[in-house]
Every structure is written in structure tokens, then in C-alpha cells.
Amino acid sequence: MKKNLLTAIWFTLVTTVIFGVFYPLAVTGMAQLLFHDRANGQLIERNGKLAGSRIIAQAFTGSGYFHPRPSSAGTGYDPMASGGSNLAPTNKNLIERVKGDVQKLHAENPNAPIPVDLVTTSGSGLDPDISPEAAEFQIPRVARTRNMTQEDLHALVQKHTKTRDLGFLGEPRVNVLELNLELDSLHDAH
């Protein structure tokens, strides 16, 4: 009995050290060596300052910026509170929020259909991408605010539109942070 107990204790200690210390250190070390950018959150720096992450949405509220999807993560775009709202389609709060967003977007661009991703949140509430249609919808507002031509903005959106991964996975998308950073580098917001 004593021998079995000592074996169990040693086995627990050895496996704890192997799988609780050495394995995580090895995986972290390999990730840093092989996938440094991804392992560190795909951070983007501009002029020596952290601008954001390619993989986590952030709020852009100014009229001279392309806006991301609405967020239900905490008080908005909070990576520590990631998650959907879990509100049913019939929930009064969800219906009121979507109606308000639709009214605001309709006033912004009354003759265009509103892309669904501009009024719905993603599962995480932190989706950094919008559809090309959502970016195109916002071009008139951004063009007016920045005194740019819609054609120039259309070309910029096209430049930042990523196609399906491997040609068949996912949907075409535009990273809002990357688009807005290039927009700022080309033309100051007013």
C-alpha cells in the first residue's frame, strides 16, 4: 500500500512538472520562434506607438473613419469581456438596438441597402473585419468628412479586401484597423 501511494505521488509530481512546466515552455518557445507575430497578438505599431491588433476590433466612432461591427463585449470592444450578447431575436433590447442602428445608418446613406454586419454583433463581439459591402456602404460618409473622392476610397477598400482563405474558406473581408491606419497615413481626418 505504501509503495503504491509513493508511486502515485511521484507520478503526480513528475507529470505535473512535465505537462505543467516543460510542455508549456516548449510550446511557448516554439511559437515565439516560428510564429512570433501571431504569438504576440498580431500587434500593429505606427510611429513607435501601439495602434492596435489585427485580430481584435476597436471602436472607431469618428465620421472620418470606417466603423467596425457593433460590439457586445463588455462596454464595447473589451477583450476581457469577449462574447456574444446571447439575446434572442425577439429580445426587446436587441430589437431596439438594431432599430436605432438601422435608423442611424439609413440617415447616413439613405439610398443604399444596409449590410447586415453593420447592425449585428459577432459571436465574440470583437470581429476586426467587416464585409466589403459594409466598407462600401461607409464610403460616402468618410469621403464627405475627409474631402476625398469616393473613387479613391473605393480603391483603398479594394486594396484592403482579403479574399477567401485558400480560395474557399470564409468570406471576403476588410480589416477595419488596417484600412483606417492607411487612410490616416494618406489623408488626415478633419
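Biologist: How many aromatic pairs does the count come to?

Modeller: In this predicted model, the count comes to one aromatic pair. Phe60 and Tyr65 form that pair, with 5.4 Å from centre to centre and 35° between the planes.

Biologist: What makes Phe60 and Tyr65 an aromatic pair, and why is the pair called tilted?

Modeller: Ring centres must lie within 6.5 Å to pair, and the centres of Phe60 and Tyr65 are 5.4 Å apart. Planes under 30 degrees apart would be stacked, and those over 60 would be edge-to-face. The angle here is 35°, which lies between these limits, so the pair is tilted.

Biologist: Are Phe60 and Tyr65 buried or exposed?

Modeller: Both Phe60 and Tyr65 are buried, and that term requires under 20% relative accessible area.

Biologist: How do you know that the charged end of Arg146 sits over the ring of Tyr65?

Modeller: The distance from the charged end of Arg146 to the centre of the Tyr65 ring is 4.9 Å. The rule asks for CZ of Arg within 6 Å of the ring centre and within 35 degrees of the ring normal. The value of 4.9 Å meets the distance limit, and Arg146 is counted as sitting over the ring.

Biologist: Phe60 also belongs to the lining of the largest cavity. Which other residues line that cavity?

Modeller: Besides Phe60, the lining holds Ile56, Ala57, Gln58, Pro68, Pro128, Val176 and Leu177. By class, these lining residues are seven nonpolar, one polar and no charged. The space inside is about 30 Å³, and a search of the whole structure finds one cavity of 30 Å³ or more.

Biologist: What is the volume of the largest pocket, and which residues are closest to its centre?

Modeller: The largest pocket has about 370 Å³ of space. Of its 18 lining residues, His67, Pro68, Pro70, Tyr77 and Lys104 are the closest to the centre. Helices α3 (92-108) and α4 (132-146) are the elements that give two or more residues to this lining. The largest share, four residues, comes from α3. The lining divides into seven nonpolar, six polar and five charged residues.

Biologist: How do you know that β1 and β2 pair?

Modeller: At least two bridges are needed for two strands to pair. Ile44 stands opposite Gly52 in β2. Two residues lie between the strands of this hairpin, where Asn47 takes a positive phi near 55°.

Biologist: What makes β3 and β4 edge strands?

Modeller: Three strands form an open antiparallel sheet in the order β3-β5-β4. Strands β3 (129-130) and β4 (161-162) each pair on one side only, and they are the edges. Asp129 has Asn175 of β5 as its bridge partner.

Biologist: Why are Asn147 and Leu166 called exposed?

Modeller: The term exposed applies over 50% relative accessible area. Asn147 has 61%, so it is exposed. Leu166 has 71%, and Leu166 is therefore exposed as well. Asn147 is in the loop between α4 and α5 (150-160), and its phi is near 55°, a positive value in a residue other than glycine. Leu166 lies in the loop between β4 and β5, and its phi is likewise positive, near 55°.

Biologist: Why does Leu183 count as buried?

Modeller: Its relative accessibility is 0%, under the 20% limit, so Leu183 counts as buried. Leu183 is placed in helix α6 (residues 176-186).

Biologist: How far is Leu183 from Ala26 in sequence and in space?

Modeller: Leu183 and Ala26 are 157 residues apart in sequence, and 40 Å separates them in space, C-alpha to C-alpha.

Conventions
Residues numbered from 1 in each chain as written. Predicted model: local features only at pLDDT ≥ 70, side-chain atom pairs only at ≥ 80, totals over all residues. Heavy atoms only, no water. 1 Å grid on protein atoms, 1.4 Å probe; cavity = no way out; pocket = protein on both sides within 12 Å on 5 of 7 lines; lining within 4 Å. Points joined across faces, edges and corners; volume = space filled by probe spheres on them. Nonpolar A, V, L, I, M, F, W, Y, C, P; charged D, E, K, R; others polar. Phe/Tyr/Trp six-rings, centres within 6.5 Å; stacked < 30°, edge-to-face > 60°. Buried < 20%, exposed > 50% of the residue type's maximum accessible area, 1.4 Å probe, protein only.
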